[in-house]
Amino acid sequence: GGESNHREIVTMTAEIARRASDLLARVPGIQELIAAREARNDYHEAMLDMMDDESNDGARPPKSPVVSAEVVAAQYPEAVAYLHIIAYADADPASNVGYNRRRAADAGIKVLNAGSTPTEAKKITDAAFEAAEKSNPY
């Protein structure tokens, strides 16, 4: 009943936390890069909102991010590579390009799980994507 479900949830939560901790240790800068990208997106959204707001004449523009996502990306190439693979893994499989990206990400994730660095795994992902695009043209 309820007790075994509770234990299962606690076990799953602990496993998720362990995997997250492993990822953060293995891919330095991932949190910083995600935060910088979110700040950039929030800023662009705020600029669009300002332009749509007729009562805001531009005298009160949103504050730009303190650190640019590009600067953070340059500091953490492994995080950039990891997020590239994850973006491919999350592609919409309904389109040919999305399907090819997901299959390519599978190859990258396989070598990541086997111990490769994200940069090495990104090379595998990109090569698999290029091969899929050549063999499966639209």
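Which residues are buried in α5? In this predicted model, the buried residues of α5 are Gly98, Asn100, Ala104, Ala105, Gly108 and Leu112. Viewed along the axis of α5, these buried residues fall within an arc of 155 degrees, so they line one face of the helix. The face of α5 that is turned away from this buried side carries Arg103, Asp106, Lys110 and Asn113, which are exposed. On the buried side, the residues of α5 pack against α1 (2–26), α4 and α6 (118–135).

The length of α5 was also examined. The helix comprises 18 residues, 96–113, which at 1.5 Å a residue should span 26 Å, and the C-alpha atoms at its ends are 26 Å apart, in agreement with that expectation. After α5 comes Gly115, a residue whose phi is positive, near 115 degrees.

One of the helices against which the buried residues of α5 pack is α6, and Thr125 is located in α6. Thr125 is buried, with a relative accessible area of 0%. When its neighbours within four places in sequence are left aside, Thr125 is in contact with Ile85, Tyr88, Ala104, Ala105 and Gly108.

Helix α4, another of the helices packed against by the buried residues of α5, spans residues 77–89 and includes Leu83. Leu83 has a relative accessible area of 15% and is counted as buried because that value is under the 20% cut-off. Residues up to four places away in sequence not being counted, Leu83 touches Ile30, Leu33, Ile34 and Arg37. Between Leu83 and Ser116, which are 33 residues apart in sequence, the C-alpha to C-alpha separation is 15 Å.

The largest nonpolar core contains 16 residues, of which Ile30 and Tyr82 touch the most other members. Two or more residues are given to this core by each of the elements α2 (30–52), α3 (69–75), α4, α5 and α6, and the largest share, five residues, comes from α4. With residues up to four places away in sequence again not counted, the contacts of Tyr82 are Leu23, Val27, Ile30, Leu112 and Pro118.

Notes
Residues are numbered from 1 along each chain as its sequence is written. This is a predicted model: local features need pLDDT of at least 70, side-chain atom pairs count only at pLDDT 80 or more; totals for chains, interfaces and linings use all residues. Side-chain values use heavy atoms; hydrogens and water are left out. Helices (H or I, at least four residues) and strands (E, at least two) are DSSP runs, numbered from the N terminus. Buried means under 20% relative accessible area, exposed over 50%, partly exposed in between (1.4 Å probe, protein chains only). Contact means heavy atoms within 4.5 Å. The expected span of a helix is 1.5 Å times one less than its number of residues. The arc is that of the directions from the helix axis to the C-beta atoms. A nonpolar core is a set of buried Ala, Val, Leu, Ile, Met, Phe, Trp, Tyr and Cys residues joined through side-chain atoms within 4.5 Å.
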